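Here is a short briefing for a first look at this protein. Start with the picture, then take the points by topic.

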Amino acid sequence: MTADIIDGKAFAATVRGKVGEHVARLKEQGITPGLAVVLVGEDPASQVYVRNKGKQTLEVGMASFEHKLDASTSEEDLLALIEKLNADPAVHGILCQLPVPDHINADKVLAAIDPAKDVDGFHISNVGLLATGQKAMVPCTPLGCLMMLRDKLGSLSGLNAVVVGRSNIVGKPMAQLLLRDSATVTIAHSRTKDIEALCRTADIVVAAVGRAEMVSADWIKPGATVIDVGINRVPNGEKTRLVGDVDFASASQVAGAITPVPGGVGPMTIACLLANTVTACCRANGLAEPEGLTA
Ligand SMILES: NC(=O)C1=CN([C@@H]2O[C@H](COP(=O)(O)OP(=O)(O)OC[C@H]3O[C@@H](n4cnc5c(N)ncnc54)[C@H](OP(=O)(O)O)[C@@H]3O)[C@@H](O)[C@H]2O)C=CC1
Ligand SMILES: Nc1nc(=O)c2c([nH]1)NC[C@@H]1CN(c3ccc(C(=O)N[C@@H](CCC(=O)O)C(=O)O)cc3)C=[N+]21
């Protein structure tokens, strides 16, 4: 059997189209949604992300504010910038790119972002709201994964889902969203025993590990849906290429459906960031929330 390829790139274009329509409607009312992105230092994965984001933010008609800070920027200066963005009425969404350099406490930075502008959904108040089933800003990568799963499978109710990875950015919020959709959720990590056998019980596998091509065909139950979050750069002759956490060549022979890397979760993450910014803008202005763009 050969898996259906879930085209995240095309799906993301559809989401951005909807975002663009909402932005146009807001602009008719004199409101332009604005997204501020803060990058400290030069993490290579983050640079790709920032570049793609800035371009697509403008394409959907939103305002983009990029703040590229030197790697030696002090925590104090970064917190001062966030305070300024919190107070700026033209900024509806704030994202501080992770990881930040070691001398900066990431938890402190995330806590400083106004929860209403926290389009990454990483502030503890949004984490708590999501975990208790209340209205929150939902992290972009898991939200994008959920949209693709719902589109592919319809209902997730009663399905066995294994999330590989327990980070605050991907693994944990992904598990929360799957649980909210009534999947039976297991979170696996580096200490999990017989992770391959565990994954073989899953109707849905979400891989968010950061290890190139770790999940191979013998981890996958025939017909399962596989979502590959990993973004890993590996050598390719003189250059490098991007691969996921799933061994796509083998896994796609067994899975029912699978996301590729690139062209899967990555583009959906950006589309969901734009969607969250529109949502935040509508909430800030007391307007009805955009339909079909929230979880
Ligand atoms: N496409 C996108 O939009 C995005 C992609 N990414 C990518 O997703 C991947 C994961 O990111 P992130 O969650 O931030 O990564 P982290 O490094 O924060 O977390 C990785 C998780 O994987 C677990 N893990 C590591 N090694 C193994 C192993 N051998 N077996 C089982 N579990 C293991 C770790 O377990 P433990 O906790 O026990 O150490 C940890 O929970 C990366 O490749 C990243 O680049 C990230 C964000 C967005
Ligand atoms: N606060 C914060 N929030 C994040 O969401 C966050 C972060 N920090 N730090 C870095 C990771 C990584 N990440 C990516 C998002 C999109 C692509 C992406 O667009 N990928 C495309 C294109 C890759 C390419 O251009 O080659 C693809 O997979 O097809 C990649 C990586 C978000 N992250």
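Which elements do the buried residues of α3 pack against? They pack against the strands β2 (34-40), β3 (63-69) and β4 (93-96), and against α4 (106-112). Keep in mind that this is a predicted model.

**Helix α3**
- Helix α3 covers residues 75-87, which makes 13 residues.
- At 1.5 Å a residue, α3 should span 18 Å, and its end C-alpha atoms are 19 Å apart, so the two values agree.
- Its buried residues are Leu-78, Leu-81, Ile-82 and Leu-85.
- These four cover an arc of only 100° around the axis, which puts them on the same side of α3.
- In general, an α-helix has 3.6 residues a turn, so residues three or four places apart point the same way.
- The other side of α3 carries the exposed residues Glu-76, Ala-80, Lys-84 and Ala-87.

**Helix α10**
- Helix α10 runs over residues 265-284 and has 20 residues.
- At 1.5 Å a residue, α10 should span 28 Å; its end C-alpha atoms are 28 Å apart, which agrees.
- Most of α10 is covered, with 18 of its 20 residues buried.
- Gly-286 follows α10, and the phi of Gly-286 is positive, near 65°.

**Domains**
- The protein chain is divided into domain 1 (30-115) and domain 2 (140-266).
- The centres of domain 1 and domain 2, taken over C-alpha atoms, are 28 Å apart.

Technical notes
Residues numbered from 1 in each chain as written. Chains lettered and ligands numbered in written order. Predicted model: local features only at pLDDT ≥ 70, side-chain atom pairs only at ≥ 80, totals over all residues. Helix = DSSP H or I, 4+ residues; strand = E, 2+ residues; numbered from the N terminus. Expected span 1.5 Å × (residues − 1). Buried ≥ 20, exposed ≤ 12 C-beta atoms within 10 Å, placed from the backbone. Arc of directions from axis to C-beta. Contact = placed C-beta atoms within 7 Å. Domains from an automatic or database assignment.
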